[in-house]
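Here are a few notes to go with the structure you are looking at. Keep it open while you read, and try to find each residue as it comes up.

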Amino acid sequence: MPQTATATLYAGDATVVEDATDRREYRGRVVVLAKPDGTVLVHDDSGYQPVAWLTRADAVTVTDDEDVVRVTAHDERADDWLRVTGHDAGGDADGHPALSGRYPVSVAGEPVGDCPNCDGALVDTGGAVACVHCDDVHGYPDDAVLHGARCDCGLPRMRVERGAAIDCCVDRDCERLDDRVRDHLDHAFDCPTCDGDLVVQRERGLFLACEHRPDCDTAFYVPSGVHDGTCECGLPAFTVANGRRCLDATCDQT
């Protein structure tokens with residue numbers, strides 16, 4: 001499992017120093033958020049815009065010593081600094097408690113069910129299905145659609161077009177998309193160069209290549225679409241998002 005990311009949150013009286021092209025100092029009751037990507041945001045009561053910030057710092061350190069919280073962020077390329085010193089981590093003189101600590105954070109997305117590993121919430125992040133509790137992640141192709149059905153393993157199923165409309169699990173260890181594509185396309189078309197058949201292979205993507213490779217170097221990438229008859233050149237044609245095309249992307253006879 002990937003290691004759970006954490007964010008640091010401090011809410012209380014603090015001194016904030018920005019040291020970029022010029023030095024600026026602030027003091028007030030603020031909310032400070034140090035995000036896992038190295039971004040530090042300091043908010044006061046003046047609206048949605050932070051009063052101070054440093055995005056994607058190269059180094060962020062957080063210390064909590066004798067009721068003093070310090071957050072230091074440094075962008076080495078621009079030599080920009082943001083330093084926050086919290087003055088009342090144990091609570092202020094009026095009895096208002098400060099909030100300080102590290103908290104686990106995860107991706108957020110559309111809920112798509114419960115995780116079969118830990119019963120946490122599964123979310124669709126638009127490219128992956130992830131658990132917000134155990135960080136179990138299953139990526140899927142950009143053009144795939146989760147259609148609501150569940151696999152026997154408990155994870156969502158997806159629909160993706162690779163020569164045919166294929167329904168399979170998002171977990172490659174449960175059901176491999178490549179195998180389903182082979183079920184539909186292996187030996188379904190003749191090689192236009194020799195007497196061989198076209199078969200599905202993967203090399204930086206899925207493609208239909210002559211079974212006699214490397215003696216025959218004919219190969220075409222599998223389009224994101226559904227087989228739809230034959231092109232005038234003799235190769236198979238496919239219905240894709242923007243119309244109809246030949247297996248050979250350079251062909252203009254479809």
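1. Start with Arg159 and Glu161: they form a salt bridge, and their closest N and O atoms are 3.0 Å apart. Just keep in mind that this is a predicted model, here and in everything below.

2. How exposed are these two partners? Arg159 has a relative accessible area of 38%, so it is partly exposed. Glu161 comes out at 24%, which again means partly exposed; the cut-off for buried is under 20%.

3. Now look along helix H1, which covers residues 177–185. Arg182 makes a salt bridge with Asp179, with 3.4 Å between the closest N and O atoms. Why is about one helical turn between Arg182 and Asp179? Because they sit three residues apart in helix H1.

4. Asp58 and Arg77 form a salt bridge whose closest N and O atoms are 3.9 Å apart. Asp58 belongs to the loop between strand S4 (52–54) and strand S5 (59–65), while Arg77 belongs to the loop between strand S6 (68–75) and strand S7 (80–86); the two residues are 19 residues apart. With 39% relative accessible area, Asp58 is partly exposed. Arg77 reaches 68%, so it counts as exposed, given that the cut-off is over 50%. If you want the overall tally, the count is 15 salt bridges.

5. On to the strands. Find the open sheet of three strands, ordered S16-S17-S18 and paired in the antiparallel sense. Which strands are at the edges? They are strand S16 (198–202) and strand S18 (219–221), each of which pairs on one side only. On average, neighbouring strands in this sheet are turned by 30 degrees against each other, ignoring direction.

6. Zoom in on one pairing: S16 and strand S17 (residues 206–210) are antiparallel and share five bridges. A handy spot to check by eye is Val200, which stands opposite Leu208 in S17.

7. What lies across S16 and S17? That is helix H1, the one with the Arg182 and Asp179 pair, and it runs at about 170 degrees to S16.

Note on methods: Residues numbered from 1 in each chain as written. Predicted model: local features only at pLDDT ≥ 70, side-chain atom pairs only at ≥ 80, totals over all residues. Heavy atoms only, no water. Pairing = 2+ DSSP bridges. Helix = DSSP H or I, 4+ residues; strand = E, 2+ residues; numbered from the N terminus. Axes fitted to C-alpha atoms, helices over the stretch in contact; angles between N-to-C directions. Contact = heavy atoms within 4.5 Å. Salt bridge = Lys/Arg side-chain N within 4 Å of Asp/Glu carboxyl O. Buried < 20%, exposed > 50% of the residue type's maximum accessible area, 1.4 Å probe, protein only.
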